[in-house]
Amino acid sequence: MNTADSSPDSDEVRIVRTTSTFDCGGRCPLRLHVKGNRIIRVEGDEGPEPEQLRTCLRCRAYRQMVHHPERLMFPQKRVGAKGEGKFKRISWDEALDLLAGELIRVKEQYGNQGLFLATGGGYLASLHNGGLAASRLLAQFGGYVTHYGNISSEGAVWASLTQYGSVMVGHSREDMLNSRMILLWGWDPARMISGTNTMYHLIKAKENGARIIAVDPRYHDTAATVAQEWIPIRPGTDTAMMIAMANVMIKEGLQDQVFLDKYTVGFDRFKAYVLGKEDGQDKTPAWAAEISGVAAATIERLAREYAATKPAALMDCQGPARSAMGEQYNRCAATLCALTGNVGRPGGSAGGGLMGTPVAHMFRMPAIPPGKNPFEQDGPNVKGTLDIRLRVVKRVHINKIFDAILRGRAGGYPSDIKLMWSMCNNYLNQTGNSNQAARALKTLEFLALNELFLTPQARYADLLLPVTSTAERSDLTRPWPSGPYLTFVNRAIEPLGECKSDLDIVTELATRLGFKDFNPFSEDQWLRMFVEKTPDLAAQIKDFDQFQREGIQRISLPEPIVAFKEQIEDIEKNPFPTPSGKIEIYSQRAADLNNPLCPPIPQYLGTPEDRNDPLYEKYPLQLLTPHPRNRVHSELYKVDWLREVEPHRVWINPVDARPRGVSDGDEVYVFNDRGRVAIPAWLTERIIPGVVSIFEGAWYAPDEQGIDRGGCANTLTKDAYSPGGASVMNTALVEVRKA
Amino acid sequence: MQIGFYFDQTRCTGCSACRVACKDWHDIPAGPENWMRIHYTEKGTFPAVSVSYLIGPCWHCLEPVCVPACPVGAITKREEDGIVVVDPSACLGNEACDEKCRKACPYQAPQFGSQPGARMGKCNYCLDRFQQGKLPNCIEACPVRALDAGPLGKLEELYGTIRETEGFKVSTRTRPAVVFKPKG
């Protein structure tokens, strides 16, 4: 690596240049100070300013996670009741024999459809990733059932594919400096990062004179830092407000008609809807005010200002899209970007919520090929489809895994699940309805888990396999859709305890299942192969050893990336990758779905558990579950340096707290028919009345009465997905009562 | 020479990267001993609310009142650079002297762990890094470059001489070595 003596016994301090692989929104070069087999300090990037890639607080505490006393250090099998969390140490031989035996037993007894593989995003890298090696092994073993989609971004993905035929809808973050106006519409990069240095560039855009307005139910830290104005809005109503803004623009003739005529299809259909020609409802600011809680005058003013200020960047994201009709929000944002002619323009934006840029994008990261899954071979062709129904013929939507375990084929799912092998995830905690998940896991015949910690989900395991952390292995990884740069993960320390990588676990299991030479390559061989055979890596990395030594390859661009710039410069030569070749405000592919809840133009649609649901009488508060800043979803939850930064609390406006007799710091119950969490209240003026907020990722910890003492937000959320496939994490009604 | 800090309150998002970086560099466990603290201010009522954050290291005051407060002279201000340092081996511990230094300081810079007899620790401007010509770790850790450090005169040249900001009252008695870009 970097110094002469890298043996684990050395007293010398070595500097290892590497990065983490969290599902965190950033990707930051780290210099780990390593002494013996222990990381003793963390320093960040030392690249030249102003583009130094500065890490956030989470990797500043990286070593406390890697060396945490509660890390799983040896294989264990269950000795107590399922979910009790009692385990006994066993050897690797016994553990792998047990897993191999159960895989064979279930296959023989129920067929391969009895096997469910739960992979995940706990670490995102080429070699040691969410479970591709296990996918490959189980494909060779005859097949398996797995899940479709992700928790984070499916609404935005559906919207971007529908509107643009592409998920590369982002600009380089530096391009915000070209914006005269930036709308933070449900976007809080101070917490969710959105690419290393994004918040820094946003601050520079503000200092450069951009007018910044935040539309959000919360006055989040990004808004508090850069926004000149906060427009509080009720959750799930963003689309209504956007449609009313379009209404104002259309009635006052403020839309960029030249742009619409040249680059889009279907504006007239959208216009007819907005003006109420189809349903008799003119979607006026007054109409939206009633729904969203934003004053009609504010909507009018924002519509005029946004239409008049060029270039302007409407920055939608993925949080508001994690809702019952989430994709409509991103589609409508993209449509406003077209109405104002901001797509493809420096300082503008395309909307769509994904923010990805095509250079060094993580989607183009090399990986172990999983191979074709025999179970899916007679399924429908899902390539490029917008029809989520086709995607769940042979797979289970990610937010329905536990319902599928409980109800199987009788519930319309692809199979009856008997055995689950899980890695790189904590879905009990991180998908909707944790209580149901806990019930489901108890019904499995066998649950094997590769894990670093005894997570809430791991407590239900029959077999626990201890996995190395990213610091204990070498790999390639990539920045979240920003950058551009490429990163190399250098093994900083040897595996702790008896931990093995998922790849090594799978490889050793393969031998037991009768597959010889399943993995003929060493880590180093894999990584060299990846670099040689991946086009963008091969083009950028001239010297593998230097790349490994430095841990990063920075890529300089002549100018910031602007999504769809080529299309806007020459639409004849460079059509959009949609069926019409244009931006599809009206999508025939969406129309062909024949689903009124997934309409061909963006629409505001009511949903269960919005304020018009009769349930609202019983549960009159809407729940938000945003990203935490001091952990990565449920990862890093145990790290004390991060926990003490911010106590886990429910945000509640004093207007809602007072009639309930709740004072700041009081322990309260937040509850609905799905569950009850106990959590301290934080009284703050930073949240719109009628809404409470609990950061996702705190660990589910039910007591004897079933009260979740850990304050897991998903104890309250619903295991549902939107018509476009978004996991519904921000559409839930609750009540709050003093504990 | 007198070192000092610069804090741009308009940039700070309260993320606490500086605080965690401080604990990492100085290897201080989670708990009450925080050489870097983050102070939070929320004002107004919905929707006209304002929020600001303020860092809280030791300000290495020009007239550090912790120095005379210490009964055993464990705290000194270095002549060459003005860094206020503590000799933990001389410190009597939190129980024996009842944390006189912490009580004297208007900014709670002297910090104690929770164990009985814990000795005082505080921001030392990352003296080890300073001696290698490096900036304190908190400065380099700030993702939004809201912090700077260096000779106070140089900081005043670069950033001006504003000595108060939201959540911070300058002590004319101790004369903290800091200049601000205030919020609001």
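Q: Is the crossing of α3(A) and α19(A) left-handed or right-handed?
A: The crossing of α3(A) and α19(A) is right-handed, that is, the near helix is turned clockwise from the far one by less than a right angle. This is a predicted model, where local features need pLDDT of at least 70, side-chain atom pairs count only at pLDDT 80 or more, and totals for chains, interfaces and linings use all residues. Residues are numbered from 1 along each chain as its sequence is written, chains are lettered from A and ligands numbered from 1 in the order in which they are written, and side-chain values use heavy atoms, with hydrogens and water left out.

Q: Where do the axes of α3(A) and α19(A) come within 10 Å, and at what angle do they cross?
A: Helix α3 covers residues 92-110 of chain A and helix α19 residues 502-512 of chain A; their axes come within 10 Å and cross at roughly 60 degrees. Axes are lines fitted to C-alpha atoms, for helices over the stretch in contact, and angles run from 0 to 180 degrees between N-to-C directions. Helices (H or I, at least four residues) and strands (E, at least two) are DSSP runs numbered from the N terminus.

Q: Which residues make that contact?
A: From α3(A), A:W92, A:D93, A:L96, A:D97, A:L99, A:A100 and A:L103; from α19(A), A:I505, A:E508, A:L509 and A:R512. Contact means heavy atoms within 4.5 Å. By class, 7 of the residues are nonpolar, none polar and 4 charged. Ala, Val, Leu, Ile, Met, Phe, Trp, Tyr, Cys and Pro count as nonpolar, Asp, Glu, Lys and Arg as charged, and the others, Gly among them, as polar.

Q: Which residues touch the most other members of the largest nonpolar core?
A: A:L32, A:L99, A:L103, A:W421 and A:L509, in a core of 85 residues. α3(A) gives the most to this core, with 7 residues. A second, separate core has 64 residues, including A:A240, A:F259, A:V274 and A:A303. A core here is a set of buried Ala, Val, Leu, Ile, Met, Phe, Trp, Tyr and Cys residues joined through side-chain atoms within 4.5 Å. Buried means under 20% relative accessible area, exposed over 50%, partly exposed in between (1.4 Å probe, protein chains only).

Q: What is A:W421 in contact with?
A: Leaving aside neighbours within four places in sequence, A:W421 is in contact with A:L99, A:F116, A:L117, A:A118, A:A134, A:L138, A:A448, A:N450, A:V506 and A:L509.

Q: And A:L32, what stands opposite it?
A: A:V42 in β3(A). Strands β2 (residues 30-35) and β3 (residues 38-43) of chain A pair in the antiparallel sense over 5 bridges; two strands pair if DSSP finds at least two bridges between them. The two form a hairpin with 2 residues between them, and A:G36 in the turn has a positive phi of about 60 degrees.

Q: Change of topic: in which order do the strands of the open sheet in chain B run?
A: The order is β6-β1-β7 of chain B, 3 strands with mixed pairing. β6 (147-151) and β7 (178-181) of chain B are the edge strands, each pairing on one side only. Neighbouring strands are turned by 20 degrees against each other on average, direction ignored.

Q: What packs on the sheet?
A: Helix α7 (residues 152-159) of chain B, which touches β1, β6 and β7 of chain B. The direction of α7 makes about 130 degrees with that of β6(B).

Q: How many residues of α1(B) are buried?
A: Helix α1 (residues 17-26) of chain B is mostly covered, with 10 of its 10 residues buried. Just after α1(B), B:D27 takes a positive phi of about 55 degrees.

Q: Where are the cis peptide bonds?
A: One joins A:E49 and A:P50, with omega about 10 degrees. Another joins B:F46 and B:P47, with omega about -5 degrees. B:P47 is in the loop between β2 (37-45) and β3 (48-56) of chain B.

Q: What is phi of A:I193, and is that residue buried or exposed?
A: Phi of A:I193 is near 70 degrees, a positive value in a residue other than glycine. A:I193 is buried, because its relative accessible area is 15%. Phi of A:L636 is also near 70 degrees, and A:L636 counts as buried at 6% relative accessibility. Most residues other than glycine have a negative phi, and most peptide bonds are trans.
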